[in-house]
Amino acid sequence: VWLDLLKPIVKQIRRPKHVVVKFVVKFFPPDHTQLQEELTRYLFALQVKQDLAQGRLTCNDTSAALLISHIVQSEIGDFDEASDREHLAKNKYIPQQDALEDKIVEFHHNHIGQTPAESDFQLLEIARRLEMYGIRLHPAKDREGTKINLAVANTGILVFQGFTKINAFNWAKVRKLSFKRKRFLIKLRPDVNSSYQDTLEFLMASRDFCKSFWKICVEHHAFFRLFEEPKPKPKPVLFSRGSSFRFRKHSKIHSIRSLATQPSEPNSEVLKQTQQSVSLTLGEGSEPPGGQSCPQGGDVTAASAEDAERQRGPGPSRSPAGSAKGDGASGAAAEEDEELVKDRPQQSSLTGSPHLSELSINSQGGTAPTNAILSPNLSPDTKQASPLVSPLLNDQAGPRAEDEDDGRRKRFPTDKAYFIAKEVSTTERTYLKDLEVITSWFQSTVSKDDSMPETLKSLIFPNFEPLHKFHTNFLKEIEQRLALWEGRSNAHIRGDYQRIGDVMLKNIQGMKQLAAHLWKHSEALEALETGIRGSRRLEGLCRDFELQKVCYLPLNTFLLRPLHRLMHYKQVLERLCKHYPPSHTDFRDCRAALAEITEMVAQLHGTMIKMENFQKLHELKKDLIGVDNLVIPGREFIRLGSLSKLSGKGLQQRMFFLFNDVLLYTSRGLTASNQFKVHGQLPLYGMTMEESEEEWGVPHCLTLRGQRQSIVVAASSRPEMDKWVEDIQMAIDLAEKSSGPAPEFLASSPPDNKSPEEAAGDQESEDDLSASRTSLERQAPHRGNTMVHVCWHRNTSVSMVDFSVAVENQLSGNLLRKFKNSNGWQKLWVVFTNFCLFFYKSHQDNHPLASLPLLGYSLTIPSESEDIHKDYVFKLHFKSHVYYFRAESEYTFERWMEVIRSATSSASRAHALSHKESHMY
């Protein structure tokens, strides 16, 4: 039972001598980075500590040991084994702690140098991922009399059987909450597929228990969903029906807004500091009616031992503003009908538990409160929007106030080195997620099936797990440094922490110890492809895994990620060395780190080029039908793209694949796997090429004459034609220098010896024609949106040099996005890789909500007539599709422009090669 601070205490407590008052948390926000003050985070850490000790926060042994290790670091400081064991003997943080003592000591050893504030931050970061975080169970029974537990969280009402969650009702799905005597009633919104409204009924121990839980639900709904403080309802003159209880405090959004308008004062009172997130409770020496003495925290309220009201009628819940919107998020489909390939709603990567992964808070109605100002004492990339403040990938997020945005931006350091360091942090997050695709998701899939040989398992996973562990610690160090860099440090501290070179140097030297694992990755890639070729079961397992949303790129791409990451570190250090003057304190460390990473990259450079070509050949093999031995020693991929081939029926779209010994052309048929069928091949040995626009009357036209056949092709534009001419001529020259004609490798189709007039066997079927017009969204699930398909739909091409440049130009971070006809900006976590933007609700998500292939798009700056009036905004448009993106600083704006330009405007081969040479090792 909670004490109401708006009422006199004497009216709420009848027997004060028998009352125990406890200061505990009431509302648990899903994102602890929204807590403004360090003291508030300390109070939340105390609550987590208490929940662990009382057995409410249940978790596995590893998580429990990690939590306790952070508590020990906060209480006694750095690791000392004797002190640790003595302290653990005197303090019991969890039941059966003795069995975990060795693990706790081992984890504590990793926290050396961590301040108490940082330990509290990490404690909350781990705790919020647990399914029982902030959960207070209230005993009940369902209609069949089965014993269950009800709970309420920021997302809605949860149903548990023991400590296992069996159901969840999002706030957006709940139309009304009420109680009648001992019965607690949940009225749901009508389902889309049915015309009736479903009412769920639960039986609790007594009316008081039932009413107490109902009031907690009303408060949680209002606190996490209400945008304005509810107005008091006028009291009836004669009769009253139902409960008069209303949530009369600030909601979470109102609290954040009020804090945003006031400058924070370091010496403010405890009550003011904890206004957003802490509550009081009291009980009469026993558990309150909800079955727990420690309900959830977020507003300054308190609980009384007894309820003054004794009304017996049902207590209908007042529906706050914003809750009447329909269930489900409506995206701007007209804006995105072809470009954004949307996935189903996801589960949060942060928790793995449905009650925190629901997209209900803002996806299901209400305007996203994107104007929250976060504490500068937090790491920049822990400031990700939680489900409370993150807009979905649709057009219903509210606009961000310009003055609040400016205030938020001023809190960031202005040094360019800070933003370079922040780029290391954001891209490291994505890199860790990519490693987890192999170490966690793929390993879990493989463990459930015996199709992968043990020798292959031992070659892949033991060589990736040490990297994941190392980079997890690396990311932690970077975030801690950024948190100190952003903080309001004293002058003598600022010089020590406003740098990143020492962290980079230390960890790059540590990476050299892992070089043996990096050398094994090329061997693992070759062994995996060999295993797939020799086992249909393994091939099916890998194909099915690629269909999972977490595998957002081809599987073999993830095996090369560690090699690619070394190049990213080298680029970052080059930018830092270029930025710093030689006299800067950080210059020496950055230069030393650059020398170390350059040496590693130089050693692995040859392997990297070979493996990228090997990976690309195997990826293309999956997109082609009619090819036998595409992957042979010595074959190199050069370019793929869409050209029009002249036949008796005119120009017909074909997909061309250029290698160093042969040119393939294919058509896209309507098949279950969306593959391209090979129509013919032209060996490059002895081939000649000439422009033939005048001869055939077709713009941008080429005639390719082989030893046995000739074809006429046309490009979509002059630049496209020039790129093909340059690459084909280079490939012909390479073939001439080789020993002789290329081997035949078409498995099922003979060479095409027809002239352009002989069209009988070359006409497309109606299926082919309709398939060529199919949008990216309407394709079958398997291999429907690979680079080959994007080039087909956008009528463009991409070369191996472009792929190599794209590997270097990977980027991650938060961007605000706006559609052409929308008003609001939506905050999204965006990952650029493989010529594509992948959109996530937050960096913690396991898989993207949607993707935007960028080939064919134009990148510009908005004009005055577009009425944007914001800083650091760039525009992407293709035909009628227009998107605006807004960065947080000038540096990040320039970086996004740089990497996206590399994907949207493929340079000539000479320019691309010069770019590559500038990064030679």
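**Close-up 1. Arginine 817 and its bridge partner in the predicted model.** Arginine 817 has glutamine 826 of β20 as its bridge partner. This view, like those below, comes from a predicted model. Strand β19 covers residues 811-819 and strand β20 covers residues 826-833. The two strands run antiparallel and are joined by seven bridges. In general, strands of a sheet pair through backbone hydrogen bonds, either parallel or antiparallel.

**Close-up 2. The open sheet of seven strands.** Read across the sheet, the strand order is β22-β21-β20-β19-β25-β24-β23, and the pairing is antiparallel. β22 (850-853) and β23 (858-860) are the edge strands, each pairing on one side only. On average, neighbouring strands of this sheet are turned by 35 degrees against each other, with direction ignored.

**Close-up 3. Helix α29 across the strands.** Helix α29, made of residues 890-904, lies across β19, β20, β21 (836-840), β23 and β24 (873-878). The helix runs at about 20 degrees to β24.

**Close-up 4. The largest pocket.** The volume of the largest pocket is about 1500 Å³. It is lined by 40 residues, and those closest to its centre are Leu66, Arg129, Glu436, His468 and Thr472. By type, the lining divides into 20 polar, 11 charged and nine nonpolar residues.

**Close-up 5. Helices in the pocket lining.** At least two residues of the lining of the largest pocket come from each of α3 (61-76), α5 (101-109), α6 (116-127), α14 (416-447) and α16 (465-486). α14 gives the most to this lining, with nine residues.

Notes:
Residues numbered from 1 in each chain as written. Predicted model: local features only at pLDDT ≥ 70, side-chain atom pairs only at ≥ 80, totals over all residues. Heavy atoms only, no water. 1 Å grid on protein atoms, 1.4 Å probe; cavity = no way out; pocket = protein on both sides within 12 Å on 5 of 7 lines; lining within 4 Å. Points joined across faces, edges and corners; volume = space filled by probe spheres on them. Helix = DSSP H or I, 4+ residues; strand = E, 2+ residues; numbered from the N terminus. Nonpolar A, V, L, I, M, F, W, Y, C, P; charged D, E, K, R; others polar. Pairing = 2+ DSSP bridges. Axes fitted to C-alpha atoms, helices over the stretch in contact; angles between N-to-C directions. Contact = heavy atoms within 4.5 Å.
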